[in-house]
Amino acid sequence: MELGVKMIISTEECGYCGACVSVCPHNILELSEMEIIAHEGCEECAFCMVVCPLGAIKRGEK
Ligand code: SF4
Ligand code: SF4
């Protein structure tokens, strides 16, 4: 799932802990029924990538 232009979340690697949801300064992430929902407005600050304990969020090469 693409968050911003460069941020990508792997739904296969995600453990649905909700850490990224809590840390996003723009509140675009939502944890719902074992699914991460990304709303528009990602600024690619990478806070979510840094906080993810499973390394499920990465910067793409685009
Ligand atoms: S990169 Fe920043 S703005 Fe985008 S989803 Fe992650 S924490 Fe939120
Ligand atoms: S911090 Fe990582 S493992 Fe936790 S919900 Fe977010 S993407 Fe999934």
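## Surroundings of the two ligands

Around ligand 2 there are 14 residues, and those that come nearest are Cys14, Cys17, Ala19, Cys20 and Cys52, where a residue is near a molecule if its C-beta atom, placed from the backbone, lies within 6 Å of it. By class, this shell around ligand 2 holds 12 nonpolar and 2 polar residues, with no charged ones; here Ala, Val, Leu, Ile, Met, Phe, Trp, Tyr, Cys and Pro count as nonpolar, Asp, Glu, Lys and Arg as charged, and the others, Gly among them, as polar.

Ligand 1 is surrounded by 15 residues, of which Cys24, Cys42, Cys45, Phe47 and Cys48 are the closest. The shell around ligand 1 is made of 11 nonpolar, 2 polar and 2 charged residues.

## Basis of the model

This is a predicted model, in which local features need pLDDT of at least 70 and side-chain atom pairs count only at pLDDT 80 or more, while totals for chains, interfaces and linings use all residues. Residues are numbered from 1 along each chain as its sequence is written, and chains are lettered from A and ligands numbered from 1 in the order in which they are written.

## Overall fold

The protein has 2 helices and 4 strands, which follow the pattern β-α-β-β-α-β along the sequence; helices (H or I, at least four residues) and strands (E, at least two) are DSSP runs, numbered from the N terminus. Its radius of gyration is 10 Å, close to the 11 Å that the globule rule gives for 62 residues, so the protein is as compact as a globular protein of that length. The radius is taken over C-alpha atoms, and the rule is 2.2 Å times the number of residues to the power 0.38.

## The nonpolar core

The largest nonpolar core has 12 residues, including Leu3, Ile9, Cys20, Cys24, Cys48 and Cys52. Strand S1 (7-9) and H2 are the elements that give two or more residues to this core. Such a core is a set of buried Ala, Val, Leu, Ile, Met, Phe, Trp, Tyr and Cys residues joined through C-beta atoms within 7 Å, and a residue is buried if 20 or more other C-beta atoms lie within 10 Å of its own, exposed if 12 or fewer, and partly exposed in between, with C-beta atoms placed from the backbone.

## Two loop residues

Asn27, in the loop between helix H1 (19-23) and strand S2 (29-31), has a positive phi near 50° although it is not glycine, and Asn27 is exposed, with 10 other C-beta atoms within 10 Å. Ala46, in the loop between strand S3 (36-38) and helix H2 (47-51), has a positive phi near 75°, and Ala46 is partly exposed, with 16 other C-beta atoms within 10 Å.
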